[in-house]
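Here is a short report for a first look at this model. Keep the structure in view while reading.

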Amino acid sequence: MSQRQGITLTFGTALLAASAALYFWSPAVAAAALLFALAGFAAARLLGASASDEEARRDLASAERAGAATPNVAAAVVAGEVPAAALLDVTMDSMREAVVVIDSAMRVVALNNSARDVFRDDGGSPLSPRRLSDLTRNPAIYSAFAAAVARGERAEVKVGAARGDDLRTYDLHVAPLRQREVVYGSDVRGAVGVFFDITRLERLELVRQEFLSNVSHELRTPLTAIIAFVETLEDGALDEPENARRFLSAVRRNADRMRDLINDILELSAIEAGTVAVEPRQVRLAPLVGDCFTALAARAADRGVALRSDVGADVFVYADARRLEQMLTNLVDNAVKFNREGGEVRVTHERAGGRDRVHVADTGDGIPEEHLPRIFERFYRVDRARSREMGGTGLGLAIVKHLARAHGGEATVRSTTGQGSTFSVELPAAKNA
Ligand code: ADP
């Protein structure tokens with residue numbers, strides 16, 4: 001076996017170990033191992049040299065001692081059963097990470113299938129790219145590789161690339177490929193870049209930031225009102241009994257709002273974190289609907305809204321009774337709040353395709369179509385001012401959605417502007433039902 005095959009084999013097997021690290025340990029360890037492995041692979045491609053089989057075996061043995069090689073695969077390669085180049089190609093192509101290797105003239109020496117996918121969708125011509133500039137015009141990618149080749153610098157940059165309609169984000173790690181001898185004043189013979197897809201992480205981070213800023217904003221509004229009323233009281237309104245009472249009740253209302261908000265936030269994070277136990281059982285639906293109507297009867301009467309249940313006494317659904325009541329209460333409460341004076345809220349049940357559906361229909365203004373896809377998002381409201389005025393937290397529907405999912409079901413909505421909305425909770429039926 002030649003020295004080139006030896007290097008290829010050593011690093012090929014290290015590459016396998018690196019891939020394993022990626023799945024079982026931390027991405028950082030994997031990234032380092034991966035870069036090491038790929039550097040070897042590229043070195044094998046870039047350095048065309050021959051040496052004795054003995055030398056190659058020594059390399060392999062030391063790689064095995066270092067724990068990088070997979071003895072079975074290595075043995076198969078040494079025995080000539082598996083060609084080293086084919087093993088590398090298969091390994092590279094089975095990686096989720098996109099890998100690009102270039103030489104010192106910025107020519108593409110190797111790239112795997114994931115890299116072809118990334119650059120094809122991003123407008124490059126990845127089938128047989130000759131230069132890095134055929135692959136991508138992204139200046140951030142280009143300069144990371146250029147810095148590695150020209151100055152031997154390692155780089156870690158965040159880069160974006162289009163994937164269909166999606167903009168994906170990658171953490172690109174680029175490392176120079178060095179050899180022992182210095183040619184034209186440099187030992188750098190090329191560079192290898194690995195693209196880690198961090199789109200999901202980035203989105204989660206964005207959601208977290210948005211949530212934090214929403215929460216702060218939502219809490220600040222009632223708090224600012226409380227401070228203003230207290231200041232007015234301190235400035236003399238306390239001595240005017242009628243005003244004092246009015247301001248105090250405004251303080252009370254805003255403090256209640258803050259408490260509701262904090263309760264809903266805690267509830268939502270508990271459900272999302274999976275710490276809320278959902279214990280489904282066969283429960284009779286009609287009494288649950290009845291309890292929920294009783295709790296909201298005064299509110300409905302205030303607004304002249306009639307509450308009707310068409311749920312038969314013999315209907316059972318497979319759900320956690322307390323959680324189902326919580327979902328229904330949120331939906332019926334909204335159906336009352338956003339109804340018209342003298343309107344109606346109707347609860348119905350339907351079973352189809354092994355699933356139970358509980359519908360809450362109202363005769364309100366309905367929800368314009370453009371809002372429907374986002375209506376279950378935290379803090380999403382069609383009319384912010386109206387929701388606040390009604391004491392809403394903007395979290396009710398998000399809680400319903402998460403609870404429905406915790407049951408293995410889903411929450412959905414249909415609405416026609418001017419005619420009302422129907423919110424539905426879909427639950428899987430019990431297996432023996
Ligand atoms: P809120 O506390 O504002 O009620 P929700 O998460 O329960 O928060 O609802 C979010 C928004 O969805 C509401 O602010 C309202 O704009 C809209 N919405 C919810 N239910 C209805 C309904 N039955 N009819 C019309 N709009 C609704």
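## Helix packing and a sheet

Helix α10 crosses α14 in the left-handed sense. This is a predicted model. α10 spans residues 241-273 and α14 spans residues 396-406. Their axes lie 10 Å apart, at an angle of about 25 degrees. An angle under 35 degrees counts as roughly parallel, so α10 is roughly parallel to α14.

Which residues of α10 and α14 meet? From α10 come D264, E267, L268, I271 and E272. From α14 come A398, I399, H402, L403 and A406. By class, this contact of α10 with α14 has 6 nonpolar, 1 polar and 3 charged residues.

α10 also packs with helix α9, residues 199-234. That crossing is left-handed. An angle over 145 degrees counts as roughly antiparallel; α9 and α10 are therefore roughly antiparallel to each other. On the α9 side, the residues in contact include V215, L219, F229 and L233. On the α10 side, they include F247, V251, M258 and I265. The contact of α9 with α10 has 17 nonpolar, 2 polar and 2 charged residues.

| Helix pair | Angle | Axes apart |
|---|---|---|
| α10 and α14 | about 25 degrees | 10 Å |
| α9 and α10 | about 160 degrees | 9 Å |

Now the sheet. How many strands does the open sheet have, and in what order? It has 5 strands, ordered β7-β9-β10-β12-β11, with mixed pairing. The edge strands are β7 (306-309) and β11 (410-416), and each pairs on one side only. From one strand to the next, the twist averages 20 degrees.

β11 pairs with strand β12 (residues 420-428) in the antiparallel sense, over 7 bridges. In β12, G420 is the bridge partner of T416.

Two helices pack on this sheet. Helix α11 (residues 285-302) touches β7, β9 (344-352) and β10 (355-362). The direction of α11 makes about 180 degrees with that of β7. Helix α12 (residues 321-337) touches β9, β10 and β12. The direction of α12 makes about 25 degrees with that of β10.

Note on methods
Residues numbered from 1 in each chain as written. Predicted model: local features only at pLDDT ≥ 70, side-chain atom pairs only at ≥ 80, totals over all residues. Pairing = 2+ DSSP bridges. Helix = DSSP H or I, 4+ residues; strand = E, 2+ residues; numbered from the N terminus. Axes fitted to C-alpha atoms, helices over the stretch in contact; angles between N-to-C directions. Contact = placed C-beta atoms within 7 Å. Parallel < 35°, antiparallel > 145°, perpendicular 65-115°, else oblique. Left-handed = near helix turned anticlockwise from the far one by under 90°. Nonpolar A, V, L, I, M, F, W, Y, C, P; charged D, E, K, R; others polar.
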